[in-house]
Each structure stands twice: as C-alpha cells, then as structure tokens.
Amino acid sequence: MNKIEDFPMENKTILKVGVLIERRGQLLLIKELNWRNKKYLWNIIKGTFDSVKDKDLLDTALREAKEEANARVKIKNLSNILYLKKHGTTLVQFNFVATLADLHWNPEKFARIQNKHDDGHKEDIIEVKFFSPRDLIKIPKKELMGERTYVSIKSWLQKESLSKDSLKILKDY
C-alpha cells in the first residue's frame with residue numbers, strides 16, 4: 001500500500017484561514033495595505049496555517065485575530081471554504097465566524113500593526129472597524145482586498161454556516 005509521501009506533489013497547496021468577527025449584528029473589517037497596488041483596502045482577518053505555530057486551523061484563526069486586530073475571539077462556526085487554483089498553486093481558505101472573547105475590546109483603541117513575515121511580506125494594518133450589513137453592501141468592490149474578501153463578506157451577509165464540528169481533526173492518515 002502506498003503512503004501519502006509516495007504520491008507526487010505537482011503543485012503547491014496553501015491553507016488559509018479567515019476570521020469574520022461579529023458583534024451585535026456587525027462585521028469587523030481591517031484596513032490593510034495591498035502589496036500589489038500599494039493602496040489601503042478593507043479586508044477580513046486572514047492568514048496562513050503554520051504547521052509549526054498552529055496545532056490546527058482553529059488555532060490559526062485565534063492567532064490571526066490576535067496578530068491582525070489584537071482581538072481575542074471565540075469561534076462560533078465555519079462560514080465557508082474557498083478554493084482557488086492559480087499559477088500552479090492551490091489555495092484553500094477556511095472562513096470561521098467568531099465573536100469577541102473580551103467584551104471590553106474597542107476598535108477605537110486600535111494601534112497600527114506592522115509585521116514583517118518570514119517570506120519578506122510586510123503587513124500594514126491601519127484601521128479596524130465594525131460595519132453594519134447596510135454599510136457592508138455600500139462598500140465598492142474596488143475598496144475590498146479582493147475576490148476572497150468579497151465572497152467571504154457575501155457569505156456572512158447570507159448567514160451561510162456549518163458547525164465548527166464539521167471540521168474533523170484526525171491524528172493519523
């Protein structure tokens with residue numbers, strides 16, 4: 001019988017995790033520098049699963065919320081899973097809906113976050129803000145980070161969800 005290591009890896013696969021933080025019917029977005037066009041655009045909190053730092057995807061969600069918005073969160077459910085294949089890379093993004101664990105967290109006390117990642121990518125977040133569904137609909141698509149952000153917000157607005165227990169964490173192949 002073949003082991004998983006015996007199968008050829010023809011393309012690179014990246015696991016991403018998005019965190020849609022909600023409070024009183026509103027959704028938190030971050031205003032982040034787009035490295036392609038050097039403009040600040042609205043985005044959901046998201047990042048890459050790191051097998052060294054994170055024990056699972058839920059751990060990635062907690063870490064990213066802390067790194068990008070300095071927020072502690074509780075995961076409620078899985079909103080959706082996005083799949084993208086482009087330029088020989090497959091990206092799979094798991095988007096979780098969360099609530100704030102710290103009820104006193106205030107976006108107005110947010111301080112700019114600048115991080116440099118191991119791959120040289122610079123992260124620059126200048127603002128966090130809660131948006132009502134009505135205000136989310138009014139944001140022009142060109143002011144959003146990209147298609148993944150747009151689809152993630154749209155799913156949240158439509159209240160798409162799966163139980164977080166839909167994600168089964170296994171210990172072996």
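In this predicted model, A111 is exposed, with a relative accessible area of 51%, a value that lies over the 50% cut-off for exposure. A111 belongs to the loop between β6 and β7. The C-alpha atoms of A111 and V128 are 9.2 Å apart in space, and the two residues are separated by 17 positions in sequence.

Two aromatic pairs are present in the structure. In one of them, the ring centres of W42 and F131 are 4.9 Å apart and the ring planes stand at 80°, so the arrangement is edge-to-face. W42 is located in strand β3 and F131 in strand β8 (residues 122-131), so this pair ties together parts that are 89 residues apart in sequence. Both partners are shielded from solvent: W42 is buried, with a relative accessible area of 7%, and F131 is buried, with a relative accessible area of 5%. W105 and F130 form an aromatic pair that is likewise edge-to-face, with 6.2 Å from centre to centre and 80° between the planes. W105 and F130 are both buried.

F130 is also among the residues touched by E22, a residue of strand β1 (residues 12-23). E22 has a relative accessible area of 17% and therefore counts as buried, the threshold being under 20%. Two side-chain polar contacts involve this residue. The side chains of E22 and K76 are joined by a polar contact of 2.3 Å, and a polar contact of 2.7 Å links the side chains of E22 and W156. Apart from residues up to four places away in sequence, E22 touches K76, V97, A98, T99, L100, F130 and W156. W156 takes part in a further interaction, as the charged end of K159 sits over its ring, 5.9 Å from the ring centre.

Strand pairing was examined next. Strand β2 (residues 26-33) and strand β3 (residues 40-43) run antiparallel and are joined by four bridges. L33 has Y40 of β3 as its bridge partner. Six residues separate the strands in this hairpin, and K38 takes a positive phi near 60° there. Strand β3 is also the strand in which W42 lies.

Strand β5 (residues 73-86) is joined to β6 by twelve bridges, the two strands running antiparallel. K86 is bridged to T89 of β6. The hairpin of β5 and β6 has two residues between its strands, and H87 takes a positive phi near 50° in this hairpin. Strand β5 pairs also with strand β9 (residues 162-163), in the antiparallel sense and over two bridges. In this second pairing, the bridge partner of L78 is L162 in β9.

Within strand β6 lies T90, which counts as buried because its relative accessibility is 7%. Leaving aside neighbours within four places in sequence, the contacts of T90 comprise N11, K12, T13, I14, Y83, L84 and K85. In a regular strand, side chains alternate between the two faces of the sheet.

Helix α1 comprises 13 residues (residues 57-69); at 1.5 Å a residue it should span 18 Å, and its end C-alpha atoms are 18 Å apart, which agrees. The N-terminal end of the helix is capped by D56, a side-chain oxygen of which lies 3.0 Å from the backbone nitrogen of L58. The buried residues of α1 are L57, T60, A61, R63, E64, A65, E68 and A69. Just after α1, N70 takes a positive phi of about 55°.

How values were computed. Residues numbered from 1 in each chain as written. Predicted model: local features only at pLDDT ≥ 70, side-chain atom pairs only at ≥ 80, totals over all residues. Heavy atoms only, no water. Pairing = 2+ DSSP bridges. Buried < 20%, exposed > 50% of the residue type's maximum accessible area, 1.4 Å probe, protein only. Polar contact = N/O pair within 3.5 Å; in protein donor to acceptor, adjacent residues only side chain to side chain. Contact = heavy atoms within 4.5 Å. Phe/Tyr/Trp six-rings, centres within 6.5 Å; stacked < 30°, edge-to-face > 60°. Lys NZ or Arg CZ within 6 Å of the ring centre and 35° of its normal. Expected span 1.5 Å × (residues − 1).
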